[in-house]
Amino acid sequence: MFAAVSQTPAASAPVGQEHLITSHMPLVGHIVRETMGRVPSHVSRDDLTSAGLTALVLAAKAYDDARGVPFDRYASTRIRGAILDELRSIDWASRSVRRRARDLGETRNQLAAVLGRTPTVTEVARAAGLSEDEVAANDDDVARAQVLSLQGSTTTPIDELVPHRAPSPEDLLEQQERLSYLREAIEELPERLRVVVQDYFFAERPMAEIAAELGVTDSRISQMRAEALVLLRDALNHALDPAMLKPAAGKAGGVAHRRREAYFAAVAARHAQGAQRPLRSVGQAAG
């Protein structure tokens with residue numbers, strides 16, 4: 001798909017430009033590899049590579065060594081910018097999906113306050129005037145975007161997904177702390193929610209397969225996955241960024257509120273106990 005981008009323009013370019021292009025093609029591969037490790041699996045490597053190679057060709061044509069900027073630095077900026085534009089063009093969750101997700105979230109909170117428990121997909125669908133399949137489909141669309149929360153930060157702007165520089169020691173410590181809390185939060189999830197997270201996100205098992213193993217419907221797995229993601233997000237915010245923690249659904253002191261607080265306490269206790277253990281990756285911890 002991108003062979004023509006890397007060969008045709010270079011073939012018609014001056015010899016100096018052609019050399020810049022061919023000698024710096026590995027730079028494109030390096031930046032794409034870094035980026036692929038920080039975005040959802042459905043992002044196409046070929047699309048990012050094509051965008052990067054196009055940017056490399058344009059950079060070679062526009063480069064002026066009289067400015068005193070090394071070409072690799074100049075090209076890196078252009079390549080990262082092109083990859084960022086490509087990522088922005090990918091509609092991970094459309095506005096309509098986000099809007100419906102907010103509406104469904106409000107419906108779930110209202111039902112939870114009334115029922116004193118997490119509402120079922122059927123109850124949510126009935127209250128929202130939607131079918132169960134529509135509710136499950138919306139949850140699935142949002143979950144694909146929220147995979148980022150298991151690979152980085154849910155609040156990370158897309159601009160920061162493209163690597164710009166080597167992480168500072170402070171960045172590394174912060175990331176280690178976040179991964180450590182995430183690992184502990186996953187381990188403290190209720191058993192069935194933990195199984196869904198581990199199987200769906202880390203083992204990459206089909207939803208239908210997980211549903212069959214747990215003896216529930218696909219819609220229930222979608223609901224459990226969304227519930228687990230909310231718990232993980234809230235546990236990390238509770239420990240690392242309390243200002244971002246959203247209020248619990250239902251009345252203070254209710255069953256749902258007590259369970260939530262108990263979960264936070266269990267995560268904190270497990271983290272404290274394991275603080276001296278070597279940090280493993282989230283994937284290893286979930287395996």
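**Before selecting anything**

The structure is a predicted model, in which local features need pLDDT of at least 70, side-chain atom pairs count only at pLDDT 80 or more, and totals for chains, interfaces and linings use all residues. Residues are numbered from 1 along each chain as its sequence is written, and side-chain values use heavy atoms, with hydrogens and water left out.

**The whole chain**

Display the entire chain as a cartoon. It contains 15 helices and zero strands; helices (H or I, at least four residues) and strands (E, at least two) are DSSP runs, numbered from the N terminus. Of the 287 residues, 39% are buried, where buried means under 20% relative accessible area, exposed over 50%, and partly exposed in between (1.4 Å probe, protein chains only). With a surface display, the accessible surface amounts to about 15800 Å², and carbon and sulfur atoms account for 52% of it. Such areas come from the Shrake-Rupley method with a 1.4 Å probe, and for residues only the protein chains shown count as cover. Among contacts between residues at least 6 apart in sequence, 69% join residues at least 24 apart; a contact means heavy atoms within 4.5 Å.

**Helices α3 and α4**

Two packed helices are described by the angle between their axes and the distance between the axes. Select residues 25-36, helix α3, together with residues 45-62, helix α4: their axes come within 9 Å and cross at roughly 140°. Axes here are lines fitted to C-alpha atoms, for helices over the stretch in contact, and angles run from 0 to 180 degrees between N-to-C directions. The pair is therefore oblique, given that angles under 35 degrees count as roughly parallel, over 145 as roughly antiparallel, 65 to 115 as roughly perpendicular and the rest as oblique. Show the side chains next: on α3 the contact is formed by M25, V28, V32, R33, T35 and M36, and on α4 by R45, L48, T49, G52, L53 and L56. By class, these residues are seven nonpolar, three polar and two charged. In this scheme Ala, Val, Leu, Ile, Met, Phe, Trp, Tyr, Cys and Pro count as nonpolar, Asp, Glu, Lys and Arg as charged, and the others, Gly among them, as polar.

Move to N109, which is found in helix α6 (residues 95-115). N109 is partly exposed, with a relative accessible area of 44%. Its C-alpha atom is separated by 9.9 Å from that of V124, 15 residues apart along the chain. V124 is one of the buried residues of helix α7 (residues 121-128), and the others are V121, E123 and A125. After α7 comes G129, which has a positive phi near 75°.

**D139 in helix α8**

Select D139, within helix α8 (residues 132-146). D139 is buried, with a relative accessible area of 8%. Beyond its neighbours within four places in sequence, D139 is in contact with R108, S222 and R225. A C-alpha to C-alpha distance of 9.2 Å separates D139 from L104, 35 residues apart in sequence.

**V197 in helix α11**

V197 belongs to helix α11 (residues 191-202) and is buried, with a relative accessible area of 1%. Setting aside neighbours within four places in sequence, its contacts are I186, L189, F202, A228 and L232. I221 is 24 residues from V197 in sequence, and their C-alpha atoms are 9.9 Å apart.

**Helix α13 and its partners**

Select helix α12 (residues 207-214) with α13; the axes come within 8 Å and cross at roughly 100°. M207, A208, I210, A211 and L214 of α12 meet D218, I221, S222, M224 and R225 of α13. This contact comprises seven nonpolar, one polar and two charged residues.

From α13, the contact is made by L231, L232, D234, A235 and H238, and from α14 by R260, Y263, F264 and V267. The residues involved are six nonpolar, one polar and two charged.
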